[in-house]
Amino acid sequence: MWTDDQETQLAGLWTTTRKTQREIAEDLERPQSSARWKAHELGLAERGPAPARVRTYRPLLDLEHGMCRYPVNNGSPYLFCSEPRERLDLESDPYCAYHRRISRVGRR
Ligand SMILES: [Zn+2]
């Protein structure tokens, strides 16, 4: 069984790192086939070649209004995505288009 935390972690690794499927599966201590299946279930895109652009992450204190507040790691210290938010008017949804989408996956 996958816990919500593991799903979130998978989505985070899948979308914000350049790790391969195998490395992600190892991080999560899951068989690669299971991670791949779960990613498919979560609607995450097939991983093609690594993205050319490297994202920059920021600690909370450096986040400015309008920046995505999706945490991209597990703390010490927390770093956040900091991409422009998709919806500036929704304080309850402080994510960029990408993280807005993955943060809604699995919400029941
Ligand atoms: Zn984001």
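A residue counts as buried if 20 or more other C-beta atoms lie within 10 Å of its own, as exposed if 12 or fewer do, and as partly exposed in between, with C-beta atoms placed from the backbone. By that rule, 19% of the chain's 108 residues are buried. What you're looking at is a predicted model, where local features need pLDDT of at least 70, side-chain atom pairs count only at pLDDT 80 or more, and totals for chains, interfaces and linings use all residues. Residues are numbered from 1 along each chain as its sequence is written.

Switch to cartoon view: there are 4 helices and 2 strands, in the order α-α-α-β-β-α from the N terminus. (Helices are DSSP runs of H or I with at least four residues, strands are runs of E with at least two, and numbering starts at the N terminus.)

Now select Ala25, which sits in helix α2, residues 21–27. Why is Ala25 called buried? Because 21 other C-beta atoms lie within 10 Å. Setting aside residues up to four places away in sequence, Ala25 touches Arg30, Pro31, Gln32 and Ala35; contact means C-beta atoms, placed from the backbone, within 7 Å. Ala35 is 10 residues along the chain from Ala25, and their C-alpha atoms are 5.6 Å apart.

Next, select Leu10, Ala11, Leu13, Trp14, Ile24, Ala25, Ala35, Ala39 and Ile102: these 9 form the largest nonpolar core, meaning buried Ala, Val, Leu, Ile, Met, Phe, Trp, Tyr and Cys residues joined through C-beta atoms within 7 Å. Helices α1 (4–16), α2 and α3 (32–41) each give at least two residues to this core, with α1 giving the largest share, 4.

Last stop: a separate second core of 6 residues, including Cys68, Tyr70, Leu79 and Tyr95.

Terms used: Two residues are in contact if their C-beta atoms, placed from the backbone, lie within 7 Å.
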